[in-house]
Structure formats: structure tokens, C-alpha cells
Amino acid sequence: MKSLIIVESPTKAKTIKKFLPGSVTVDSCNGHIRDLPASAREIPAKLKKNKWASLGIDIDNNYEPLYIISPEKRKTVSRLKKLIREADELILATDEDREGEGISWHIVDELKPSIPVKRMVFHEITEEAIRAALENCREIDENLVHAQETRRILDRLVGYTLSPLLWKKIGPGLSAGRVQSTAVQLLVERERERMRFRSGSYWDLKAQLRTGNSTEDPSFEAAMTHLSDKRLASGKDFNEATGKLKKADQVVLLDKQQAAALREELMAAEWSVNRIETKQQKRSPAPPFTTSTLQQEANRKFGFSARDTMRAAQKLYEEGYITYMRTDSMHLSGQAIDAARSAVQHMYGEKYLNPRARTFSRKVKGAQEAHEAIRPAGNRFRLPKETPLSGREARLYDLIWKRTMATQMADARLEFTNVFIEAASGKTRATFKATGKRTLFPGFFRAYVEGSDDPEAQLENQESLLPDLEKAQPLLCKEVTPLEHETKPPLRFTEASLVKELEKNGVGRPSTYATILGTIMERDYVRKDGNALVPTFTAFAVTELLEKHFPDLVDLHFTSEMEERLDDIARGKNDRLNYLKDYYEGEKGLKPMVESQESLIDIQEARQISLPVEGLNGYRIYLGRFGPYVQQKNNDGKETITSIPETMAPGDISVEKLEDLMNKVEKGPEPLGTDKETGEAVYVLSGRYGPYVQLGESTTKDKKPRRVSLLKNMKPENMDLETALKLLALPRLLGQHPDTGKEVKAGIGRFGPYVVHDGVFQSLKRDDDVLEIDLDRALELLKEKQQKQSAKTPQIIQDMGEHPADQKKILVLSGRYGPYIKYGKKNISLPKNFDASSITMDEVLELIQKKAGK
């Protein structure tokens, strides 16, 4: 019997094929073979006259979706149809989640095979798992298909109903989504909290103490906690809205003068140990990875975006290294537990093995236990060093391997010591506290420490040892240092913390987070400042409109409830059609809501951005066609308008900064000086894309004078004439290339500073300065680029001449994945038992013939 197995990707097909007999054909559909129309061009002419055509969903016909095979999928569909005609049975082996079930259903619904159809599912690509899955096929799960289709229809309804409204009222290119808009609202609300925040200032003191008079006696640090039995104020005692103490009578608030005076008294005080407290704690390992925790940890440890993490995980899964990567289950199979425990015993010894097998269960809203956690595939975990992996995939596999191993390792045991020290001088009595930490038994720390790349190094960093001390022991004070502190606003979300917040509130599902984060960045709702996610003026404008007119769409509870109802559809507990009708056309449905609110939304009001910043009453901030701008009415009734630089985020806005922008508009820019060569004034200005230097003024004759952006490390307020002229002289000639005699130049382009020779550009490294770089360094950078390009270019090992049958050229080349034969336009991998440098023409022709036979 000839079987045809269809999977989503060529990589997955290649891996699966290794475990199957030659009678089985494995091919890929490259994701969904059809979808709702992406544009009006894709809608069939006979349907375009229907009022629902642009939406792609026939609302009046039970929300019937219009599915289209896109032009780029037509060849795939034709190929699959041909393969189905040649097969005796069709086995659909797409991923085991809703999306995978939907892909399989679309294949059957579109291709309508006349042969038997089976559904094959597995959560890891190993020989054992694939063979077991083949023996336990099932039918397509209609409930999962309905859940996937309902989500797709919902997303289309929300996007196509709300987005046009945003285009009309705020600006083109904007979008709204049932999870996307909630995620943006979380970011905006956190930024508002930061704006409302008022900082508080407080002082404390740190002492450097020693156990004896000798310089060789152990020393340690202690921090002041109490003055005359009253606790010193710390950050937790301040009101975030006022910057004042919550309960001023219960704490001591020191200022600079008081801290300095207290330091003088304490330097002359008598110091002794008052009491010692010691306690031991156990630390247990974190559960194995789910999709969201993997995204969070990869972001914390490596700075990977959610999208980068999922791409690498997808590749690892499809190549058979890890189990399925879209899961919210913490469950480990018996096979996985046995593999981990066996590896722990072998690598670390019996004492590092937890006495009992550890199991984990999910305690997050909306969690499903249908799948297994993300872990290394198979019944024996491959060591990271045993794999040929590199780059992101290698780092991610290492992370997953360590985390899985740690789950079956013994608890770590730690000892914490708090030493309370009294300093007495006359009527002044202060209490200081020294804290020590010691690892009694590292346990799972030997394999894995959250947030650390190197567990062994982290173990050393975790140690904070105190010298042996006794109660009433006198101590010598070497120094007392007053320290000033300021309370900090809430931290901005990172990708990791936003994913955690969404999951905690049951908003979205793990498989969607990477797409959501990618979308809000692409739509300019968010920009990254290091790892922090900073909402833009666009995010504020859209969020304010939705909060005012469509509050449910950005409400955490409402969005979470939607997810639960969609999960009920997947479980067969909720009717798909009733839910869609209620959501879209019900009394409080999306359609009537938009129809009733659209006329109430004033365009100018929608584009005005409200920021919770004191003193902004005289200023109005708007989102315009070319970005944000600020408007101020002067005493004479005239209005002054100026652009807000693109580099300035809403969270950076202050009255002082707006005043500075307005002053520059009213007074005009002050020149840094004059360029002697041209006699033109040189200015440092700020525009939509940030600060820049300019030679001369804008006139009707010369509308665009010479301008150059400032480098990242430059600040407008520190700019001088000499540096400005150097920037304006770019690109500058460094000299001639010794090999070609052609010019080598240095300049600043769209992607930053560069050197260029004969049309070949190379970006400068972090330590290079475009204003100071010389010819030798430029040649070195250009040579590095040439070497990298050469490494990517296949090298000829043997030129075999022409094929005797068709005279096509045959070469043996070295490629990224090993040597291969290039025959015409075809590439044929060279088997490992052949030596590329000595292979004969007869052997090459035989390999070409075998490839043709397949």
C-alpha cells in the first residue's frame, strides 16, 4: 500500500521520512493551503458584488467564511493533488494543536481525496514516536477545527470592523485586534503609572566593619536599619502618587545633613554584635518549559524576542531535537522522567537525584493539559555538546536540556544568616544589619539557575559569606558612608514580563504571543529601548479611543472570558455559531457598537493625546499625518506648533521639554558658529527623526541645506562647532585601496556609520568612531566582510566537466552543510562514505541517476 503523509514544512517532512519505509511518501503543504482573502484582488469576480465580500465572511449565511487559495499556494495544491491520485491512503500529520487541525481539515475540504484519510498526531519527532503515531491514527477533530475557524473569523471581524474606523479617525495603517489591543493597553497603562509616579528621596548609612584591629582580620559590610529603635525609611514607605511618606510618624526620614552628622557620631561609637539569626531554606527547581515560560526565559537570558525564540524552537522540533513547542502543559511523560533521572544519576551522581520522580501541574488561567511540556525529544536526552547545533538553536536546546534535567534533581539547601549590630555613642543608638548566604548543598543549581547562563559561576555569585561572629562580640568600624536613594517608577514591560502578564490574566494563548508582539512593533505601537517596550504616541491615541468608546475590547476580564468561551468550543461545550452571532450582532455586539459610536467620535478629539503630566494645561499634543506635534496658544492669541522628535516617547514628555521645543520655534535656532569655507552658519537642530547638524538656513533657493544626523552617543546640548563640521564633512576620504587604487570613504547612512570601497559597504563596530577611523582600520573591516562573503560562497572541490547525456555542467562543491554535487540547476548531497576530493565521474553519474529515480 502506498501511503502519502502531509506535514506543514519541508524540514519536518525530511526528518519524518528517515523513520519510514520507502513505500511512504512524505510531502509538505507549507502551512495553510488557503485562507480568508488578504486583499480585494483575491476575491473572485462573481462574488465581489456581495456586500460581505471585502470582509470575506458571509454574515447572513451562518458566518460562512470565504476561503481562497493564494497565488503562491497554487503550485503546492497542484502537487498535492497529483500525489493524492498516486496514493492508496492519505495521512495528515500536521501539528497537534488547533492550527494544525485546521490545516489538515482545509487539505481534505479543498482537495476532496477519494482515498481513505487518517489523522496522525505526535508531540516529538523520534522513530519510536512516529511509528506509534502511525499505529494509532484518528479522525480529524471537528471541535478543534471549529475552535480554530472561530478564532480566525473573530480576528477578521474585529480587525476589519475596527481598523477602518481607526483609519478615518486617527490615521492610515492602524489596526486593532482582540488580543493585540489589550496588550497595547497594558503597555500604555504602565506608562501612565510611570508618568503619575512621584519620586521620594531618603538617606541611609553603610558601615565597613572588621572583627579585630589587624588589617588581616575579616571585614564585612552592614546597612543601617534603625535609629533609637525606630526604623529608617525605605522605598516601600513612600506614596507613589505624591512622593511623600505614607506614615511619617512610624519611620525616621534622614536628609543629607542629618546623615552626615550621624556619620560623625557613629565613627566614634562603640560597635558590637547584638544578636545572630540563622535559618535554612530549601529551593526546588522550576517546572519544565511551557511556550510562554520558554519565551520569557530566552528573553531574560539571551535577549531573544518571542518571535526569534519560536522560530528556533520550531526548527528544533522539526529536526527532532525537542518535543512540540506550542504547549501550556507542565506535564512530563514517564519516558521523559526516566530519561532525565537516568541522565542526572549518570552525570551528577545519586545524591543529586531527587528521591522521588517530580511531577508538575498547571495553575494558570485557561491552561490545558492535553500536551507535554517542552523537553528534549526521545527516551535518551542528547547532550548539547553531542549535537551539531549552532547559534540560537544551540543556545535554546541547551536551555531546554538544563531546565528538564533540573526538574528531577534534588532541592538546593541554603543557609541565611542575619547579624544585628548595635552602634552606641552617647544618646545615639543605631542598629545595623549584615546578611550572609551560604549554599549547603547545590542540588539542581548544578544544572540550572534561572536567569543565568553558567550555573557553576552563578553558584559562586550566590555565596555571600560572613566571618564567624558571636553575640556581644566587639567590632571595629573602618568607615561609615551616607547613601542617598530615590524611589523608582514601575519598570516598563519587557517581552518576557508582558508575556507573563498576558498569560496570568488568561489573555491570548501561548502560540499567539510571538505574533502579537511582532504585530504591535510593526504597527509602530511600541518601540524597544534596550529590552524595555516603550509605547508610542500612536499607542496612546488608539488606546484612548478604544477605552472611551469600546472599553470591552481593552478590558482584561472581557478578553479572558472570550478565550474561555473559545476553549469551550474546542471542548465541544459551546456552539460556534451562537457565539459568533452574540459577539458580532448581539445587543452589545461589535457591529452595533461601532455603528452607534462612529458618529460620536470627533476626529480632532481622537487625535489629541492626554498625558497625566503636571502643568500641560497650556499645551495640546496631537498625532498628525507626519507624527506627533505640540500646539500652544500664545498671549497674543496666536498658536505655535512644532513637531515632537520621533526619538521622544510619551513617557519622556515634560513641561520643560515642551517649553524648550517652543522656545526654539519662537526664537529660531542659535548657530554654533560659522563654516569658514562657505561662510554659512552651522546649527544643531531637532527634527522628526532626532537631532542633526545643518549647514546654512532653509530658503526658497536652497530648501534642503546639508544635514547630518548626530551619532547615537552624541547629545545636542554637548555639540560644538568643530564636531559639527566633522559630521558635515562626511562622507570623508580615507585614502586609496592598495589593491584597486579606488577610494575608501567613511560616512553615516540609514543603518549607521560605515566604510565603503567600490560599492561594498561595511558597518563600523561599536568601538569605531566614524570621525576618527583611519585607512588601515577601514581596510581591516572591509577584509573581514570579504572573508565572510567568501565563506558563504560555495568553493569548487572538483570540476567534473559535462554530463555525457545532456552536456550539463557537473561540479563538486563545498557547502554550508557539507560537500554536494551541482548538476545543472540541481543540488545533490554527497553521502558521508564518499570523499569529495577523490570521487570519480562514474560515481557522480550513479548518484545523479539515483536522485532522478527518486
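Helices (H or I, at least four residues) and strands (E, at least two) are DSSP runs, numbered from the N terminus. The views show a predicted model, in which local features need pLDDT of at least 70 and side-chain atom pairs count only at pLDDT 80 or more, while totals for chains, interfaces and linings use all residues. Residues are numbered from 1 along each chain as its sequence is written, and side-chain values use heavy atoms, with hydrogens and water left out.

**View A. Asparagine 30 in the loop between β2 (24-28) and β3 (57-58).** Although asparagine 30 is not a glycine, its phi is positive, near 55°. Its relative accessibility of 38% makes the residue partly exposed (buried is under 20% relative accessible area, exposed over 50%, partly exposed in between; 1.4 Å probe, protein chains only).

**View B. Lysine 112 in the loop between α3 (98-111) and β6 (117-119).** Lysine 112, also not a glycine, has a positive phi of about 45°. Lysine 112 is exposed, with a relative accessible area of 60%.

**View C. The cis peptide bond from leucine 730 to proline 731.** Omega of this bond is near -5°. Proline 731 belongs to the loop between α21 (721-728) and β24 (732-736).

**View D. The largest nonpolar core, with 138 residues.** Such a core is a set of buried Ala, Val, Leu, Ile, Met, Phe, Trp, Tyr and Cys residues joined through side-chain atoms within 4.5 Å. Leu162, Ile322 and Phe550 have the most contacts inside this core. Helix α5 (residues 142-169) gives the most to it, with nine residues. A second, separate core has 27 residues, including Leu262 and Leu475.
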